[in-house]
Amino acid sequence: MIVRTPYAQMLGIRSITTDNGGTMLMMPAAPELEGRSDFLYGGAIASLLELACLEAVAQDRGEPWPKPINMAFDFLRGGLMIDSYAQARLVRVGRRVVNADAVCWQTDREKPIAMGRMHLLLD
């Protein structure tokens with residue numbers, strides 16, 4: 001769902017179904033996403049994490065457009081100019097607010113480059 005948004009399309013983000021039936025997002029490296037030389041721009045990584053959280057809510061609740069309340073990021077290491085992946089999970093689903101967290105990695109999921117936590121408001 002989220003990959004059909006213009007912003008996700010601009011970033012080239014694709015949805016990938018995992019072996020356990022979950023969904024993760026993949027953002028291919030592109031020269032437009034380069035920050036400092038040979039590294040991904042942190043904003044692109046943050047956007048991938050945000051879209052992964054939105055996708056997790058959309059997959060779970062069938063609500064494609066929850067309203068973001070806030071999001072926090074932890075940048076753990078520099079993102080290289082290679083494909084990046086992100087997957088989110090819902091930590092808590094309340095009547096009005098959802099808490100989600102996401103992890104972003106490149107070659108090894110066990111070595112994330114960034115993590116994020118997001119609160120979303122449901123309609």
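**Contacts, fold and pocket**

Q: What share of the contacts between residues at least 6 apart in sequence joins residues at least 24 apart?
A: A contact means heavy atoms within 4.5 Å. Among contacts in the protein between residues at least 6 apart in sequence, the share that joins residues at least 24 apart is 61%.

Q: What is the model, and how are its residues numbered?
A: This is a predicted model, in which local features need pLDDT of at least 70 and side-chain atom pairs count only at pLDDT 80 or more, while totals for chains, interfaces and linings use all residues. Side-chain values use heavy atoms, with hydrogens and water left out, and residues are numbered along each chain as its sequence is written, from 1.

Q: In which order do the elements of the protein run from the N terminus?
A: Helices (H or I, at least four residues) and strands (E, at least two) are DSSP runs, numbered from the N terminus. The protein has two helices and six strands. Their order is α-β-β-α-β-β-β-β.

Q: Why is the protein said to be as compact as a globular protein of its length?
A: The radius of gyration is taken over C-alpha atoms, and the globule rule is 2.2 Å times the number of residues to the power 0.38. For 123 residues the rule gives 14 Å, and the protein is as compact as a globular protein of that length because its radius of gyration is close to this, at 14 Å.

Q: Which element supplies the largest share of the lining of the largest pocket?
A: On a 1 Å grid over the protein atoms alone, a pocket is an open set of points where a 1.4 Å probe fits, with protein on both sides within 12 Å along at least five of seven lines; lining residues have an atom within 4 Å of a point. The largest pocket is lined by 18 residues, with Thr23, Gln87, Ala88, Arg89 and Asp101 nearest its centre. β2 (23-27), α2 (42-61), β4 (84-93) and β5 (97-105) each give at least two lining residues. The largest share, five residues, comes from α2.

Q: Is Arg95 buried or exposed?
A: Buried means under 20% relative accessible area, exposed over 50% and partly exposed in between (1.4 Å probe, protein chains only). Arg95 is found in the loop between β4 and β5. With a relative accessible area of 77%, Arg95 is exposed.
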